[in-house]
Amino acid sequence: MSILVVAEHDNSSVKASALVAIAAAQAIGGDIEVLIAGAGCAAAGETAAKVAGVNKVLVADNDAYSHDLAENIAALIVEIGSNYSHILSATTASGKNFMPRVAALLDVAQISDISGVVSEDTFERPIYAGNAIATVQSTDSIKVLTVRGTAFDPAAADGGSATIENLDIAKDEGLSSWDKEEIAELERPELTAASIIISGGRGMQNGENFALLESVADKLGAAIGASRAAVDAGFVPNDMQVGQTGKIVAPDLYIAVGISGAIQHLAGMKDSKVIVAINKDEDAPIFQVADYGLVADLFKAVPELDALL
Amino acid sequence: MKVLVAVKRVVDYNVNIRVLGDNTGVDLNNVKMSVNPFDEIAIEEAVRLKEAGTAEEVIVVSVGASACQEQIRTALALGADRGILVETEEEVQPLAIAKVLKAIVDKEQAQIIITGKQAIDGDNSQTGQMLAALAGLSQATFASELQVGDGTATVTREVDAGLETITVKLPTIITTDLRLNEPRYASLPNIMKAKKKTIDTFTPEDLGVDVTPTVKTLKVTPPSARQAGIIVESVEELVDKLKNEAKVIS
Ligand SMILES: Cc1cc2nc3c(=O)[nH]c(=O)nc-3n(C[C@H](O)[C@H](O)[C@H](O)COP(=O)(O)OP(=O)(O)OC[C@H]3O[C@@H](n4cnc5c(N)ncnc54)[C@H](O)[C@@H]3O)c2cc1C
Ligand SMILES: Nc1ncnc2c1ncn2[C@@H]1O[C@H](COP(=O)(O)O)[C@@H](O)[C@H]1O
């Protein structure tokens with residue numbers, strides 16, 4: 001049994017989410033091959049070869065794969081995909097984009113966002129915004145899976161010595177092209193990698209007030225997140241949204257400030273180890289999942305917290 | 001051009017779902033059902049394309065039990081022109097839905113097909129991408145802005161690091177993200193008018209699609225519950241607890 005893990009990378013190294021997908025592959029068991037597709041991605045291939053448990057790294061270095069265009073990446077994976085029992089990627093915006101395309105082209109189902117491996121054909125996954133966990137079994141010859149970033153301990157980035165094979169496959173489907181991006185400069189840890197997160201909701205009132213959270217975040221080495229309401233209102237950019245349809249996080253400490261705790265928000269953070277809620281409404285549902293709740297005006301409490309750290 | 005919108009009937013997003021005691025699924029008895037929120041956004045975008053003169057006709061399709069007619073009527077009240085129900089009482093999984101939608105796309109020759117980014121029951125986020133694959137078409141997922149040009153569409157997408165803009169060839173499949181638009185409410189006169197619009201009904205067999213699932217749900221369980229926490233009286237107490245009890249800050 002051979003498993004293919006499609007790894008997200010930034011051309012120089014593989015992302016943490018890919019290490020989680022590799023860990024899920026280890027839980028399934030079998031030979032693990034990692035695909036690095038991109039343009040100028042040889043260095044990422046070398047870092048992938050060092051990941052513990054990886055047997056082989058396939059590097060597809062071609063302009064067609066430069067911006068993760070789903071049509072091209074999917075065509076590449078399908079070309080090599082029938083050799084594998086399982087094809088995995090992380091449940092990231094990129095994985096969610098091309099993996100269902102891969103599954104459909106192979107005429108098999110995809111099992112999205114697995115949170116557990118029961119056996120080689122049976123997996124657990126959250127449904128209804130994490131309010132239920134389904135155990136599902138696939139009868140397809142190839143299992144196409146995306147892996148929840150918070151569900152497995154990442155594979156060790158060092159210790160492996162996989163062979164590297166270059167794939168000379170160019171798949172430019174000519175259906176789409178990449179124009180530009182607006183990417184926020186990251187001064188803090190990435191949300192999905194941070195061990196502490198402080199998030200603001202509609203209660204923050206505006207974008208400027210997020211400076212209150214920034215100051216606390218800097219002292220704690222924390223990432224900053226937000227509720228959908230805060231993003232929709234334009235306080236902060238979309239990449240900060242935590243929840244059912246935003247990022248799924250599970251840090252050691254999650255501090256929710258001025259967030260009511262709608263199920264869609266809880267879906268993204270309720271697996272955090274310790275949850276703190278600061279809200280002036282003592283009936284806010286966020287308190288039902290909080291280990292430590294503070295009923296207070298955030299404009300008083302957050303500066304106090306900042307001063308005490 | 002024709003615009004096709006896929007609409008799923010799902011448990012309303014405000015409902016707190018309950019897992020059945022025998023672990024066979026979630027309790028759907030007397031639960032409020034609605035149009036999947038992302039599909040409302042899809043309908044709105046399609047109707048705006050019509051209002052802008054880009055589209056001539058907006059067709060909505062739903063796959064499922066006959067009760068899906070309600071959600072199709074909602075879409076018609078919001079401005080879609082006609083509906084298609086592909087009726088089946090069986091459970092239909094994303095790949096099969098995509099096959100059904102492909103048959104409708106072929107039949108209608110739609111240029112733009114809009115689906116939601118994900119259905120909030122199964123949280124799969126697959127159907128649009130699968131449809132694009134089966135139809136051999138381009139895809140623009142998680143769209144927060146759409147501009148239709150001559151033979152192409154330019155789409156801003158919500159990705160993990162922020163936003164990116166791509167250009168796709170038409171026909172194309174777009175999947176909607178939350179910030180693409182703010183759906184309107186249906187007015188009473190439009191709800192009345194919608195009653196007169198046509199809904200054609202087919203079965204998957206009529207379309208030549210085998211919808212037999214390949215993924216079986218063995219059981220459905222509630223997630224592990226969190227232990228009840230405490231309310232602290234002051235910020236000092238909070239900091240003390242985080243340092244000395246939870247030991248998550250130093
Ligand atoms: C399909 C769908 C998907 C969704 N996906 C997501 C998602 O991924 N993530 C997400 O977050 N939401 C999501 N939502 C939205 C979700 O339902 C809620 O609307 C949203 O989470 C509310 O955000 P909020 O808690 O910031 O705002 P509100 O619910 O308005 O809560 C604001 C809170 O701030 C408190 N507050 C106000 N002022 C102060 C103050 N001075 N001091 C202290 N507390 C104060 C209030 O008491 C209140 O509890 C989704 C909704 C739908 C329909
Ligand atoms: N039964 C269905 N009928 C019509 N459209 C559907 C159906 N299931 C899914 N879709 C469409 O596909 C989108 C994504 O669904 P999913 O892949 O299940 O998360 C939904 O937002 C709908 O637009």
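Over all chains, the structure holds 29 salt bridges, a salt bridge being a side-chain nitrogen of Lys or Arg within 4 Å of a carboxyl oxygen of Asp or Glu. This is a predicted model, in which local features need pLDDT of at least 70 and side-chain atom pairs count only at pLDDT 80 or more, while totals for chains, interfaces and linings use all residues. Residues are numbered from 1 along each chain as its sequence is written, chains are lettered from A and ligands numbered from 1 in the order in which they are written, and side-chain values use heavy atoms, with hydrogens and water left out.

**First stop: a salt bridge within chain A**

Select A:E165 and A:K56, whose side chains meet in a salt bridge (2.9 Å, N to O). The pair links distant parts of the chain, 109 residues apart: A:E165 belongs to strand β10 (residues 163–166) of chain A, and A:K56 to strand β3 (residues 56–61) of chain A. Helices (H or I, at least four residues) and strands (E, at least two) are DSSP runs, numbered from the N terminus.

**Second stop: the interface of chains A and B**

Display both chains. The contact (heavy atoms within 4.5 Å) takes 81 residues from chain A and 75 residues from chain B. Between them the two chains bury about 6500 Å², 55% of it on carbon and sulfur atoms; buried area is the accessible area (1.4 Å probe) that two parts lose on being put together, summed over both. In chain A, select A:Y128, A:N238 and A:Y292, which lose the most area to chain B, together 11% of what that side buries.

Three salt bridges are found across this interface. Select B:R179 and A:D232 to see a salt bridge with its closest N and O atoms 2.7 Å apart. The side of chain A that touches chain B divides into 40 nonpolar, 21 polar and 20 charged residues. Here Ala, Val, Leu, Ile, Met, Phe, Trp, Tyr, Cys and Pro count as nonpolar, Asp, Glu, Lys and Arg as charged, and the others, Gly among them, as polar.

Next, select residues 176–183 of chain A and residues 162–169 of chain B. These are strand β11 of chain A and strand β9 of chain B, which pair in the antiparallel sense over seven bridges; two strands pair if DSSP finds at least two bridges between them. Within this pairing, A:S176 stands opposite B:V168.

**Third stop: the two ligands**

Which residues are the closest to ligand 1? Among the 29 residues that surround ligand 1, the closest are A:R202, A:S227, A:S260, A:Q264 and A:N279; a residue counts as near if one of its heavy atoms lies within 4 Å. Residues from both chains A and B surround ligand 1, so the site is shared between chains. Select A:S227, which has a polar side-chain atom 2.6 Å from an oxygen atom of ligand 1. For A:Q241, a polar side-chain atom lies 2.8 Å from an oxygen atom of ligand 1.

Move to ligand 2, which 17 residues surround, B:D39, B:V63, B:A119, B:S125 and B:T127 being the closest. A polar backbone atom of B:A119 is 2.7 Å from an oxygen atom of ligand 2. At B:N36, an N or O atom in the side chain is 2.9 Å from an oxygen atom of ligand 2.

**Last stop: two backbone details**

Select B:L170 and B:P171, where the peptide bond is cis, with omega near -5°. B:P171 lies in the loop between β9 and β10 (172–176) of chain B. Finally, select A:D107, a residue other than glycine with a positive phi, near 55°. A:D107 is placed in the loop between α4 (93–105) and β5 (110–114) of chain A.

Conventions:
A polar contact is a pair of N or O atoms within 3.5 Å; within protein, one must be able to donate a hydrogen and the other to accept it, and residues adjacent in sequence count only if both atoms are side-chain atoms.
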